[in-house]
Amino acid sequence: MTRAPEHIRTARIAPLSRLPAFFALDGKRAIVAGSGQAAVWKAELLSATGAEVEIFAPEPSDDVLALASAPPRGRVVIHRRVWTVCDFDGAAIAVADCPDDKAAAEFAAAARRAGVPVNVIDRPAFCDFSFGAIVNRSPLVIGISTEGASPVFAQAIRAKIEGLIPQGFSRWAAAARQWRPHLRALALSFRGRRTFWERFTARAMAAPDRAPNESDLSALLTNAPGETGSVTLVGAGPGDPELLTLRAVRALQSADVILFDDLVSKDILDFARREAKTMLVGKTGHAPSCRQDDINALMVSLAKSGRAVVRLKGGDPMIFGRADEEIAACRAAGIPIEVVPSITTAQGAAGRLLVSLTRRGEARRVQYITGHSRGGKLPADIDWNSLADPAVTTVVYMPTQTLPELVSAALKAGLDPRTPAVAVVSATRADERVTAATIADLPVRLAAQPVTGPVVVMIGRAFSDHLQPAAREPAGEPRGVRLAQ
């Protein structure tokens, strides 16, 4: 059974409590009423943007006077009087520190009549906008808002981000602004420009504390990107988006088109840039799927048209992901291709179970096998003696339909029927389900419940702690089987 690739509409943005926006205030008038600490801090922020700040305070505090004598950037002028309606004419922004709601309402009404965005400090009912916590790497500026619900929480998040964003990024952001005219002169396509900035970003990430110089620009321009597309095979991991690698996130954020499988967690797609086109190229065992040849042809065609294509696969693309066929197709077409590996489903499941796949004294090696062949049947070339080895941990991928047949053959080959086994459905995801039993009983236990996600079965003595005591009977005694979970 086959099906055609399917365009998936990009998810709409989730509701926002506030619209994050950045005012361009350089050389514009800003009105500030009040002389308390809060008003002074807002006046200092406005001056830092280059605004011409006018403070209205009948009795200016020492802090106001100090700010006026040494502003961070824009000039600060003090008016030793109360504001009037005429003062709002020509202003770009207005801020006030008011003693009560009556004064706040009067200030807000006057500003709005003049068409000036207004903020009354700590009185959200009278505000058109709010100030958030700021991470300043200007011209790189990050604002954080909790809609006034918890300023302390916003400050804590700001502190976290401060530790993640090197101070040197301010120099790289400034260089980007200075170098943009050079890039425009190249008259590159959208894709070419984006590739240029991806390379710029990679250079900044590699040397965040070094000031960029003309040699960096020269190297970027010398190796100016062409119009050829590319393909990147990206491992989506077992499902938990927090297990994505940084490199995988960067690939998703730079993709023009993302071809993804049914078993890829939809949360992973949230990391893609919003402009990217997403296409479902379903590859699901024992269900209608896109033909591999069709996927290869689509992938190559998109790359030849100049697009950056991400082929997103559940788990690791190099583990039962047909990566070799897609790599061969790209090479044959002369398309640049790379692979971004990921945490395998087996690793993710074992991590959640807190089980080492190579538990000392229990397993000397690990083997991965597939539960179905090209035709959907149990593979005919499984090494049954290897699977029966009591000192091996076996991980079976895609076992849902063939597990009873696989277990029957393994038991005939000598696998101890009391060997612990665990089936994990939707490993690492919110709906993860674990079924533990002896290997002889696992097929029946798994079949008793509907399976709606990817399944991996892990077999071996390393999982003995997941069986109830009744299922851990020594060889030669009657077997009492119980489900552990």
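I took a disulfide to be a pair of cysteine sulfur atoms within 2.5 Å. A disulfide is a covalent bond between the sulfur atoms of two cysteines.

**Entry 1: basis.** I noted that this is a predicted model, in which local features need pLDDT of at least 70, side-chain atom pairs count only at pLDDT 80 or more, and totals for chains, interfaces and linings use all residues. Residues are numbered from 1 along each chain as its sequence is written, and side-chain values use heavy atoms, with hydrogens and water left out.

**Entry 2: cysteines.** I searched for disulfides and found 0 in the structure. For Cys127, the closest cysteine sulfur is that of Cys98, and the 9.5 Å between the two sulfurs is too far for a bond. Cys330 is likewise in no disulfide, with the sulfur of Cys290 as its nearest, 16 Å away. I then looked up burial (buried means under 20% relative accessible area, exposed over 50%, partly exposed in between, with a 1.4 Å probe and protein chains only). Cys127 is buried at a relative accessible area of 17%, and Cys330 is buried at 0%.

**Entry 3: overall form.** I recorded 14 helices and 18 strands in the chain; helices (H or I, at least four residues) and strands (E, at least two) are DSSP runs, numbered from the N terminus. The radius of gyration is 31 Å, whereas a compact globule of 485 residues would have a value near 23 Å. This radius is taken over C-alpha atoms, and the globule rule is 2.2 Å times the number of residues to the power 0.38. Along the principal axes, the C-alpha atoms fill a box of roughly 95 × 55 × 40 Å.

Entry 4: Among contacts (heavy atoms within 4.5 Å) with a separation of 6 or more, 66% join residues 24 or more positions apart.

**Entry 5: Leu406.** I located Leu406 in helix α13, which covers residues 403-412. Leu406 has 1% relative accessibility and counts as buried. Leaving out residues up to four places away in sequence, I listed what Leu406 touches: Ile369, Leu378, Ile382, Trp384, Leu387 and Val396. Of the pair Leu406 and Trp384, I noted a sequence separation of 22 residues and a C-alpha to C-alpha distance of 9.3 Å.

**Entry 6: charges.** I looked up the 58 positive and 50 negative charges, whose mean positions are 4 Å apart. Lys and Arg count as positive and Asp and Glu as negative, while His and the chain ends are not counted. Each charge is placed at NZ of Lys, CZ of Arg, CG of Asp or CD of Glu.
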